[in-house]
Amino acid sequence: MTAPSSVAARPAARRTRRIPLAAVALLPLLLALAGPLLAPHTIDTPVTAPFAPPGGAAVLGGDQLGRDVLSRLLHGGPLLIAGALLVAVVITSVATLAGIAAVLRPTLGRAAERTADLAILLPPLLGIMLVALAWPGGGRWAVIAAAVVLGTPYALRVVAAAAAPLATAGYVEAALARGESTAHIALREILPNLRATVLTLFGLRFVEAFYIISMAGFLQIGPQPPASDWSLMVRENASGILLNPWAVLAPSLAIALLAITASLLTHSLAPDTPAKAVTRP
């Protein structure tokens, strides 16, 4: 005897629970993007004493030059999110297409895997420094380029591993027997069955790019003063953490919150794995 109604109800219940989770997770991202519109002051105007405690015209106090920490915090989100989003989109797109092609074309796959193995061995920080030295005027774009180059090989291996079982599935063999092109098989037969993998990979690459760009900013590789970059704010105000802790804590918490938010949002949007019907004798 089967129980299809109870089994079908569970994915629907999970989707219902995930809708509020997605809405809640989206709020910090929207707030960060709209931050410049909400900032009470400009990013370079001193409004209080250096490292002044919260109060008066500065809700979160002042930074090392007396600028409003809150205003600089609200201005620092859009460019950081845009950079991480660009890195995640490029890496996921390239890795998905290359990973599927590597599975369908074994010769290309072996070459891609060997190249990916060598690229994975390069430490991210060293790669960022090499790109920054080779492109001294690149700024934020140099960091984005380094993040794409460093993140694509690992993502390619993930997609290829997920696509390998699909390449031998019956519907793929039927498409090959019909004489369908490689592009048709990749985009119409395999890619739709990799939705969960691709979406999860996109979320992971976004979070990783967020941290890589932030780490580069802390090392002053990329954004330069007086930019209101969050990681740059942490570095600039570290010397006054005992005078105004919020000058360091606020951008640090913003980086962590948005990284967690992106992870939760990706998890809430990932499609459920179809549940098998429970059978009883």
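Glu-236 touches Gln-64, Arg-67, Arg-72 and Pro-225, leaving aside residues up to four places away in sequence. Glu-236 sits in helix 11. Its relative accessibility is 14%, and buried means under 20%, so Glu-236 counts as buried. These values come from a predicted model.

**Helix 11**

Helix 11 covers residues 230-237. Of its 8 residues, 7 are buried, so the helix is largely enclosed by the rest of the structure. The buried residues are Trp-230, Ser-231, Leu-232, Met-233, Val-234, Glu-236 and Asn-237. One of them, Trp-230, also belongs to the largest nonpolar core.

**The whole chain**

How many helices and strands does the protein chain have? There are 12 helices and 0 strands. Read from the N terminus, the elements run α-α-α-α-α-α-α-α-α-α-α-α. The chain has 281 residues, and 41% of them are buried. Take the contacts between residues at least 6 apart in sequence: 71% of these join residues at least 24 apart. The accessible surface comes to about 14600 Å². Carbon and sulfur atoms account for 72% of that surface.

**The nonpolar core**

In soluble globular proteins, nonpolar side chains tend to be buried together. Here, the largest nonpolar core holds 57 residues. Which members touch the most other members? They are Ile-100, Ile-190, Leu-194, Phe-210 and Trp-230. Helix 7, residues 140-167, gives the most to this core, with 13 residues.

Leu-194 shows some of the packing. Not counting residues up to four places away in sequence, Leu-194 touches Ile-100, Val-159, Ala-162, Ala-163 and Leu-166.

**The surface patch**

A nonpolar patch lies on the surface. Its residues are Leu-125, Met-129, Met-215, Phe-218 and Leu-219. Together they have about 390 Å² of accessible area. Helix 6 (124-134) and helix 10 (195-218) each supply at least two residues of the patch.

Met-215 is a patch member and lies in helix 10. Is Met-215 buried or partly exposed? Its relative accessible area is 32%, so Met-215 is partly exposed.

Note on methods: Residues are numbered from 1 along each chain as its sequence is written. This is a predicted model: local features need pLDDT of at least 70, side-chain atom pairs count only at pLDDT 80 or more; totals for chains, interfaces and linings use all residues. Side-chain values use heavy atoms; hydrogens and water are left out. Helices (H or I, at least four residues) and strands (E, at least two) are DSSP runs, numbered from the N terminus. Buried means under 20% relative accessible area, exposed over 50%, partly exposed in between (1.4 Å probe, protein chains only). Contact means heavy atoms within 4.5 Å. Accessible areas come from the Shrake-Rupley method with a 1.4 Å probe; for residues, only the protein chains shown count as cover. A nonpolar core is a set of buried Ala, Val, Leu, Ile, Met, Phe, Trp, Tyr and Cys residues joined through side-chain atoms within 4.5 Å. Patches are made of residues with over 30% relative accessible area and no salt bridge: like charges are joined within 9 Å, nonpolar side chains (Val, Leu, Ile, Met, Phe, Trp, Tyr) within 5 Å. A salt bridge is a side-chain nitrogen of Lys or Arg within 4 Å of a carboxyl oxygen of Asp or Glu.
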